[in-house]
Amino acid sequence: RIFKAASQAIRDFNMIEEGDKIMVAVSGGKDSWVMLHVLWELRKRAPIDFEIVAVNLDQGYAGYETHIIENYLTQMGVPYHMAEKDIAGICEEKITDGTTWCSLCSRLRRGSLYGLAEELKCNKIALGHHQDDMIETLLLNSFFIGTLASMSPKLKADDGKNVVIRPLIYVLESEIRDYTRQIGFPVVCCQCPLMCGETVHGDYKRRRIKQLIRQL
């Protein structure tokens, strides 16, 4: 089901073309592992030639176990690049009024990925957003911004140089969760204190939307 849905999304939005070099953002979370696995397997049977390089970005949070991610990428035989940027330190310095720094962290991470794609000569960046993310974003924009818009399956990046693709847009989070358990991917927490602590504080609005969808 996951492979069929991802293949359909790739065809529907012409996400992958002959000669593409795709940077697959691998955080160590379940979504990025499933996306990498799907693209790596599809590449073997695809009627076109394209390259994949997995990229992991260490954002500077203490305890982030990059060695687990690197070991598994080596085991898979996937070309990879490990990068570092002290996003945690920048956020701590800039955000001083007690508010969450999710928005700033997201912008810094996105900018870092754009720079890495250029450095590695990749023309596309694959992100692991799934169908639940698309639905939540639609409702977030409707309720809090007043627009009917969601994530784009394929779009030109902010820097005007890269193309962002989301191959899992037809895949449910529950399917990703089940497949992760089935394969046994080594899920690694980003160690952000807002998202991975005992009491999760980050992205409060998105958590409200998740709760609303469960209730509906």
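**Notebook: salt bridges, a pocket and surface residues**

**Entry 1**

I began with Glu 175, which is buried at a relative accessible area of 18%. I use buried for under 20% relative accessible area, exposed for over 50% and partly exposed for what lies in between, with a 1.4 Å probe and protein chains only. I note that this is a predicted model, in which local features need pLDDT of at least 70 and side-chain atom pairs count only at pLDDT 80 or more, while totals for chains, interfaces and linings use all residues. I number residues from 1 along each chain as its sequence is written, and side-chain values use heavy atoms, with hydrogens and water left out.

Which residue does the side chain of Glu 175 meet in a salt bridge? I found Arg 1, at 2.7 Å from N to O. The pair links distant parts of the chain, 174 residues apart: Glu 175 is in helix 7 (residues 173–183) and Arg 1 in the segment before helix 1. Arg 1 is exposed, with a relative accessible area of 56%. For a salt bridge I require a side-chain nitrogen of Lys or Arg within 4 Å of a carboxyl oxygen of Asp or Glu. Helices (H or I, at least four residues) and strands (E, at least two) are DSSP runs that I number from the N terminus.

**Entry 2. Further salt bridges**

I recorded twelve salt bridges in the structure. One joins the side chains of Lys 124 and Asp 20, at 2.7 Å from N to O. This pair also links distant parts of the chain, with Lys 124 in strand 4 and Asp 20 in the loop between helix 1 and strand 1, 104 residues apart.

I next looked up Lys 210, which forms a salt bridge with Glu 136, their closest N and O atoms being 3.0 Å apart. Because Lys 210 lies in helix 9 (residues 204–215) and Glu 136 in helix 6, the pair ties together parts that are 74 residues apart in sequence. Lys 210 is partly exposed at 25%, whereas Glu 136 is buried at 3%. I also found a network of salt bridges that links Lys 30, Asp 31, Glu 136, Glu 173, Arg 177, Arg 206 and Lys 210.

**Entry 3. The second largest pocket**

I then turned to the second largest pocket, whose volume is about 260 Å³. A pocket is defined on a 1 Å grid over the protein atoms alone, as an open set of points where a 1.4 Å probe fits, with protein on both sides within 12 Å along at least five of seven lines; lining residues have an atom within 4 Å of a point. Grid points are joined across faces, edges and corners, and the volume is the space filled by probe spheres set on the points.

Among the lining residues I noted Ser 7, Arg 11, Asn 14, Leu 42, Arg 45 and Phe 50. Helix 1 (2–12) and helix 2 (30–45) each supply at least two residues. Which element gives the largest share of the lining? I found it to be helix 1, with three residues. The lining divides into seven nonpolar, two polar and two charged residues. I count Ala, Val, Leu, Ile, Met, Phe, Trp, Tyr, Cys and Pro as nonpolar, Asp, Glu, Lys and Arg as charged, and the others, Gly among them, as polar.

**Entry 4. Positive phi values**

Most residues other than glycine have a negative phi. Asn 14 lies in the loop between helix 1 and strand 1 (21–25) and is partly exposed at 39%. Lys 121, likewise not a glycine, has a positive phi of about 60 degrees. I placed Lys 121 in the loop between helix 5 (102–119) and strand 4 (124–126), and I recorded Lys 121 as exposed at 68%.

**Entry 5. A nonpolar patch**

I found a nonpolar surface patch of about 330 Å², made by Phe 143, Phe 144 and Ile 145. Patches consist of residues with over 30% relative accessible area and no salt bridge: like charges are joined within 9 Å, and nonpolar side chains (Val, Leu, Ile, Met, Phe, Trp, Tyr) within 5 Å. Accessible areas come from the Shrake-Rupley method with a 1.4 Å probe, and for residues only the protein chains shown count as cover. Ile 145 belongs to helix 6 (residues 131–145) and is exposed at 59%.

**Entry 6. Strand 2**

Last, I looked up Ile 52, which is found in strand 2 (residues 51–58) and is buried at 5%. Glu 51 also lies in strand 2 but is partly exposed at 45%.
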